[in-house]
Amino acid sequence: MAKVIAFSNQKGGVGKTTTCVNLAAYVAAKGYRVLVVDMDPQGNASSAMGFFERKEKSSVYEVLTDDLDAAAAVKETETDGLFAITSSSDLAGAELELAQVMIGRERVLDEKLAGVREKFDFVFIDCPPSLGLLTVNALAASDGVVVPIQCEYFALEGLSQMMNTVKLVKKFLRPAIEVEGVVITLYDGRSKLSKGVVAEIEKVFGSKVYNTKIPRNVRLAEAPSYGKPVAQYDPKCAGAQAYEKLSEEFLQRINK
C-alpha cells in the first residue's frame, strides 16, 4: 500500500512543485513506483513531467468531480517508474464544486485514491499554494507532509497557519498525518541571510529539517520548460545532485 505524501506550503514560489517532481523522479529511479497527483490548477507539476495539454478529459478534475476512476486517469511519464494524474484548466472550478458537496467533501480525493494505492509505493500530491478545499483534500488523503521553505526573509510568513491546518486535519480527518520533513530550497551557502533563515527554521522544526539543502540553480529552473525532471535534463548539475541526495535521505527516514 502506497505511502501518500503531500507537498504543501501556502506561500508560492518556494520550490514546492520542483521538489515534488524531482524527488519523485529520483525515488522512481531507485526502483520504486511513484504516482504524482497534480492538485494545483496552475498545472506546473504536469508540465514538468511533459504534460503540457491542459484541456484533456482524464485529469484530476474529472476524478474529483465526475465518476472517472483514478486508475483511468493515471499516465506514464518518460521516467521509468514515474506516473502522473495531471491537472487541467478546469481544476480552478473544482473548489466551488466541492464546496457544494454536503457530506464528505474533504475526503473526496482520499476515497478516489483508494483504488490505486496498492499499485504504487508512493503517491506524491502537489498542493496549490493556498489552504482551500483542494489542499484540505490533499492533506486528508495523506500520511505525511513535506514542507519546502525558501531561504528568504518571509520564509516563515503564514507558515503557522498552514501548520494549524495540518493539526486540524490530524484531529478531525486524518489522525495518521505527520510532518514528514522540511526541505530548505533556494539556498545560497555564501549568504548570511540564507544561514540566518535556516537557523530560524531549525528552531521551529528541529530534526524534521532535512540535512540536504536545495541550491539556487539555473539548470533546475530550466528543466520544467522542457517537460523533464532535472534527472533527465541535466543530471550533473548542482540541483540534480541535491535532489538525488535528498531522495536518499527521504527514503532512509521513511524506511526507519
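## Aromatic pairs

Rings of Phe, Tyr and Trp (its six-membered ring) pair if their centres lie within 6.5 Å; planes under 30 degrees apart count as stacked, over 60 as edge-to-face and the rest as tilted. This predicted model holds seven aromatic pairs. One of them joins F122 and F250. The pair is tilted, at 5.6 Å centre to centre and 55 degrees between the planes. It links distant parts of the chain, with F122 in strand β5 (residues 122–126) and F250 in helix α12, 128 residues apart. Helices (H or I, at least four residues) and strands (E, at least two) are DSSP runs, numbered from the N terminus.

Both partners are buried: F122 has a relative accessible area of 4%, and F250 has one of 0%. Buried means under 20% relative accessible area, exposed over 50%, partly exposed in between (1.4 Å probe, protein chains only). F122 and F250 also belong to one aromatic cluster with F7, Y32 and F124.

## S247 in helix α12

Helix α12 covers residues 238–254 and includes S247. S247 is buried, with a relative accessible area of 0%. Which residues does S247 contact, leaving aside its neighbours within four places in sequence? They are L23, Y26, V27 and K30. Contact means heavy atoms within 4.5 Å.

## Helix α9

Helix α9 has 14 residues (192–205). At 1.5 Å a residue (times one less than the number of residues), α9 should span 20 Å; its end C-alpha atoms are 20 Å apart, which agrees. At its start, a side-chain oxygen of S191 comes within 3.1 Å of the backbone nitrogen of L193. After α9 comes G206, with a positive phi near 55 degrees.

Which residues of α9 are buried? They are S194, V197, V198, I201 and F205. These residues cover an arc of only 105 degrees around the axis, so they sit on the same side of α9. The arc is taken from the directions from the helix axis to the C-beta atoms. An α-helix has 3.6 residues a turn, so residues three or four places apart point the same way. On the other side of α9, K192 and K203 are exposed. The cover over the buried residues of α9 includes β6 (144–150), α8 (159–172), β7 (178–187) and β8 (209–215).

## Reading the model

Residues are numbered from 1 along each chain as its sequence is written, and side-chain values use heavy atoms, leaving out hydrogens and water. The model is predicted: local features need pLDDT of at least 70, side-chain atom pairs count only at pLDDT 80 or more, and totals for chains, interfaces and linings use all residues.

How values were computed:
Polar contact = N/O pair within 3.5 Å; in protein donor to acceptor, adjacent residues only side chain to side chain.
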